[in-house]
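Dear colleague,

I am passing on the structure we spoke about, and below it I have set out what was found. Please have it open while you read.

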Amino acid sequence: MTTSTVEKETKKFIKTIAIAGNPNSGKTTLFNAFTKLKQKVGNYPGVTVEKKMGELVLAKDRVVNVIDLPGTYSLAVRSMDEQIAHDVLLGKEKSTQKPDVVVCVVDAGNLERNLYLVSQIQDMQIPIVVALNMMDEAKRQGKRIDVRKLSSLLGAPVVPMVAKRQEGMDEMKQVVANGVEASYQRQWKMSPDMEEEIENVVKLLVEQSGMSRPEAFGDAVRLLSQANLPREEDVKSGRYSSDFVKVLRNIQKRLTGKGVRCRSAAIEARYGWIKWVVHQTVVDKNIKKNVITQKIDAVLTHKFLGLGIFVALMGFMFYLIFFLAAYPMGWIEAGFEGLASLIAANMPPGDLQGLMTNGIIAGVGGVLVFLPQILILYFFISLLQDTGYMSRAAFMMDRLMSKVGLHGKSFIPLLSSFACAIPGVMASRTIENPKDRLVTILVAPLMSCSARLPVYTIMIAALIPEATAWEKARVMLGMYLLGILGACLMAWLFKKTLLKSQRPVFLLELPPYRRPSFRAVIMHMWERSRLFLRRAGTIILTLSIVLWVLMTYPKSDSLEPGEALRGSYAGQLGQFIEPAIKPLGYDWRIGIGLIGSFAAREVFVSTMNIVFNLSEEAETDTLREAFAKAHWPDGRPLFTPLVCISLMIFFVFALQCVSTLVIVARETGGWGWPFFQLSYMTVLAYVAAFIVYQGGRIFGFT
Amino acid sequence: MLLFELELGQLAEIVCFVGETAVTQRMEEMGLIPGEEVKIVRYAPLGDPMEIEIKGYHLSLRRDEAAQIKVKRK
């Protein structure tokens with residue numbers, strides 16, 4: 001065979017590459033540079049791990065698939081991320097092709113720890129290319145790396161890169177295009193006793209479970225090093241026979257008897273070899289060991305100054321989200337209202353016009369109106385993440401969050417939820433532990449989002465119309481605090497009961513501060529926002545149409561809109577649930593409002609407008625006055641102070657937001673958790689509103 | 001002595017782990033293995049967790065985790 005045919009065959013061979021790497025190694029930067037904007041973001045089936053795929057164009061007619069693996073430090077399969085990365089690499093994940101080449105991104109300034117993953121992937125006998133990223137940073141730190149020697153010691157091509165600036169990109173593409181061969185011999189060795197027993201287990205696994213040798217080796221190392229493996233479900237499912245488990249336990253006993261520390265034997269041997277490799281290839285002059293980062297951290301994580309800056313930064317972010325975003329939000333609203341009236345003027349009145357203006361346009365507008373807030377939020381999150389400040393935020397907030405059993409990393413998602421629970425839930429992806437992440441998702445909607453603001457505003461206006469702005473603001477703040485309190489209580493409760501994990505784990509790398517790339521920040525912001533539009537958009541639109549139908553049909557002869565609404569499906573539904581909500585002080589009209597607010601909470605206000613402004617109290621000009629005049633059939637006033645408070649408290653706790661439910665379903669990989677979330681929050685809201693209303697009545701309030 | 005008993009900035013060497021929990025192996029994989037040099041860089045503003053330097057990079061962990069690691073001053 002000539003060289004050219006070999007080359008051709010390898011070329012044909014490479015169809016899929018996977019990008020692996022530690023968190024903070026610049027993995028995503030490389031993926032983006034590889035795939036440009038041709039990316040597909042989704043989830044691995046049934047799990048919360050994000051699946052990112054793309055296409056790399058090597059030449060005109062040569063396109064290869066690129067899989068961006070979740071960033072992990074190891075393939076020890078202890079977390080969902082590690083499990084997915086492990087399964088994809090071995091071709092055991094059904095939704096992806098087995099990669100022909102793995103590009104492992106390595107932080108050149110932190111070679112030792114990064115090579116750990118490289119070594120683990122090599123054990124799987126998959127052809128690997130090492131992307132030696134952030135060479136500029138390593139140079140600045142006074143490190144000189146002998147790339148050729150590193151390549152020969154690892155037995156794999158090593159491409160020095162600065163992915164952020166596209167340096168080394170062409171070389172990397174060339175290496176991938178030429179094909180990589182797996183000619184790997186394991187260099188790191190454990191003690192002879194351990195090696196021998198590992199070999200025994202490998203043989204058993206190959207014979208009994210039909211694993212390939214490389215897979216069996218990784219499995220054997222894992223099984224011997226972790227006392228709680230194999231898991232019970234794997235034995236029950238027949239993956240490992242009970243005889244095998246017995247043999248395994250005996251081997252562990254034997255080894256322990258000989259003084260071998262099974263748990264750490266492989267880790268120490270691997271790191272021992274890596275240390276030798278690094279010693280051979282890196283000249284560390286150690287002139288400036290992240291001096292800049294140390295100086296910045298001395299301020300940003302300072303006892304007082306650090307917290308002050310953090311609070312100020314978060315305050316600034318919220319200022320922009322609430323106040324700056326209000327302008328484009330106003331334009332979007334006005335734009336859609338203009339469009340609706342334009343259509344209304346040019347279309348014959350009737351059902352189709354109603355559907356267009358009140359259903360579709362109102363629905364699309366209802367989604368797009370959140371876009372400015374989401375863009376700003378993601379701009380900040382990307383910026384904080386890319387600079388490295390996000391880790392510091394988690395570092396500073398961990399103590400606070402650990403009080404309710406959460407992780408420092410839960411702070412930003414929960415904070416984001418004040419803008420909108422959707423980006424908050426999506427931001428929870430940074431939390432590695434699935435249980436911590438789930439608890440964060442479950443309590444995130446208890447943070448008062450901006451859609452509750454209009455509801456609070458109108459209810460406070462009805463509650464204390466004569467009060468000063470300052471007094472009103474205090475009530476508003478009270479509602480926010482109530483939400484936070486509820487979130488803390490529920491998080492604590494979930495961690496104690498349902499989602500009890502052994503111990504909260506907090507092992508977080510604090511990477512050096514890095515100058516963010518504006519392009520990457522914008523790209524990340526756009527990618528997230530697009531995801532929001534696609535996921536939430538379709539549902540909100542559908543629901544707006546459904547709600548429009550519910551509120552329009554069956555048609556009544558009455559010319560009074562309020563009367564017509566009463567006869568509609570929504571009105572019937574409101575009357576149907578009236579007995580259930582009467583103990584909270586609400587009548588069927590508020591019931592319609594509650595149902596309508598499922599599309600988005602602020603819809604409550606516009607529904608109330610239809611219910612009151614245009615019904616019996618149609619002469620009144622503002623909603624507040626309509627509220628003041630509304631009464632029960634027996635003449636009692638409807639919106640008593642107690643009802644206003646009860647209603648606000650209901651809104652604090654209730655999950656009236658289909659979009660959030662859809663996102664949670666996507667993020668948790670099924671409808672079980674969103675259904676649970678809806679149930680617990682509805683119960684919480686009902687009970688809280690009930691206690692306030694009935695309790696208040698007992699004490700003689702009205 | 002245990003890692004969390006170390007003074008700020010004092011260079012020490014990891015001796016071994018005390019006991020075993022679910023995170024022990026993860027810590028080892030992050031480079032906290034016997035013979036490795038370690039030092040506490042700072043504590044978080046609220047007193048916990050702490051930031052340590054290990055294998056040339058910075059890692060943060062809680063006091064509880066640091067209480068599992070036996071070290072000796074260098």
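Predicted model: local features only at pLDDT ≥ 70, side-chain atom pairs only at ≥ 80, totals over all residues.

In chain A, helix H26 (residues 569–581) and helix H27 (residues 588–596) have axes that come within 7 Å and cross at roughly 110°, which makes H26(A) roughly perpendicular to H27(A). The crossing in which H26(A) passes H27(A) is right-handed, and by class the contact between H26(A) and H27(A) has eight nonpolar, four polar and one charged residues. On the H26(A) side, the residues that take part include Leu573(A), Ile577(A), Glu578(A) and Ile581(A), and they meet a set in H27(A) that includes Trp588(A), Ile592(A) and Ile595(A).

Over all chains, the structure holds 17 aromatic pairs. One of them joins Phe310(A) and Phe411(A) in a tilted arrangement, with 5.4 Å centre to centre and 50° between the planes. Because Phe310(A) lies in helix H14 (residues 305–324) of chain A and Phe411(A) in helix H19 (residues 411–416) of chain A, this pair ties together parts that are 101 residues apart in sequence. Phe310(A) and Phe411(A) are both buried. Elsewhere, one aromatic cluster is formed by Phe494(A), Trp673(A), Phe676(A) and Tyr680(A).

Finally, Asn32(A) is found in helix H2 (residues 27–35) of chain A, and it counts as buried because its relative accessibility is 16%, where the cut-off is under 20%. Leaving aside residues up to four places away in sequence, Asn32(A) touches Gln39(A) and Met523(A).

Methods. Residues numbered from 1 in each chain as written. Chains lettered and ligands numbered in written order. Heavy atoms only, no water. Axes fitted to C-alpha atoms, helices over the stretch in contact; angles between N-to-C directions. Helix = DSSP H or I, 4+ residues; strand = E, 2+ residues; numbered from the N terminus. Parallel < 35°, antiparallel > 145°, perpendicular 65-115°, else oblique. Left-handed = near helix turned anticlockwise from the far one by under 90°. Contact = heavy atoms within 4.5 Å. Nonpolar A, V, L, I, M, F, W, Y, C, P; charged D, E, K, R; others polar. Buried < 20%, exposed > 50% of the residue type's maximum accessible area, 1.4 Å probe, protein only. Phe/Tyr/Trp six-rings, centres within 6.5 Å; stacked < 30°, edge-to-face > 60°.
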